Amino acid sequence: MNFSKEIENMVCVKKGCNHGPAPIPEEGKWVQAREIKDISGLTHGIGWCAPQQGACKLTLNVKEGIIREALVETIGCSGMTHSAAMAGEILTGKTILEALNTDLVCDAINTAMRELFLQIVYGRTQSAFSEDGLEIGAGLEDLGKGHRSQVATIYSTEAKGVRYLEMAEGYITKIALDAEGQVIGYEFVRLGVMMDKIKQGIPCEQALKEATGTYGRFNEAVQVIDPRKQ
């Protein structure tokens, strides 16, 4: 380490007490984080690309500074889906510092990594006060039984009104309207559940029927429409 002449000629004044960094909550403990390996926690958050035309929801489960589990969900341009595939391979096994300084292919995913890094190192994780944190696999629970992202896709025009296309329950197949033409419910298909049934050998029509459900006052509909055709 090189010092300037001015520093070399200075009188040395000894440092007083040193209590270290302020402790942060991590998996049910208060931790003074001095090194990357001192950081643990599960959290998720959102990142966005520079033109703000796409977004990424990133979930990370970090144990002793290393990303052990990652869930990458994107919405926006078609290229983001392929970027997510590559980022999913890149992230696990890296320290959070390595991941922060790695090109995760998509600007939105990089931004999500930056935001999550700040949450994690400041102790703002979802598992901050959970003893021993959350097990590896907890991130998968965000997707539900069908292992599909919980996405809302809603389209509307002033002239023709709203069309529900996909919601947390699943892919919307029918919208129920009352006598005034207002939405009172919908029919949906759990696509993940349906595909699992088909893979088990259940005939397609039966799998579709078993994976179909309704929400709201669907059975009271005066009119039922297909949101993609009517």
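I began with the contacts of Gln-126 in this predicted model, and, leaving aside residues up to four places away in sequence, I found that Gln-126 touches Leu-42, Thr-43, His-44 and Gln-119.

I then looked up where Gln-126 sits, and noted that the residue belongs to the loop between α4 (107-121) and β6 (153-157). I wrote down Gln-126 as partly exposed because its relative accessibility is 44%, and the range for that class runs between 20% and 50%. I also checked Asp-38, which is 88 residues away from Gln-126 along the chain, and found 17 Å between the two C-alpha atoms.

Next I turned to Met-10, which I placed in the loop between α1 (5-8) and β1 (24-26).

Last, I considered the whole chain, for which I recorded six helices and eleven strands. Its radius of gyration is 25 Å, well over the 17 Å that the globule rule gives for 230 residues, and I therefore noted the chain as more spread out than a compact globule. Along the principal axes, I found that the C-alpha atoms fill a box of roughly 90 × 40 × 30 Å. I noted that 34% of the 230 residues are buried, and that carbon and sulfur atoms account for 52% of an accessible surface of about 14,600 Å².

Notes: Residues numbered from 1 in each chain as written. Predicted model: local features only at pLDDT ≥ 70, side-chain atom pairs only at ≥ 80, totals over all residues. Heavy atoms only, no water. Helix = DSSP H or I, 4+ residues; strand = E, 2+ residues; numbered from the N terminus. Rg over C-alpha atoms; globule rule 2.2 N^0.38 Å. Buried < 20%, exposed > 50% of the residue type's maximum accessible area, 1.4 Å probe, protein only. Areas by Shrake-Rupley, 256 points an atom, 1.4 Å probe, with all protein chains shown as cover. Contact = heavy atoms within 4.5 Å.
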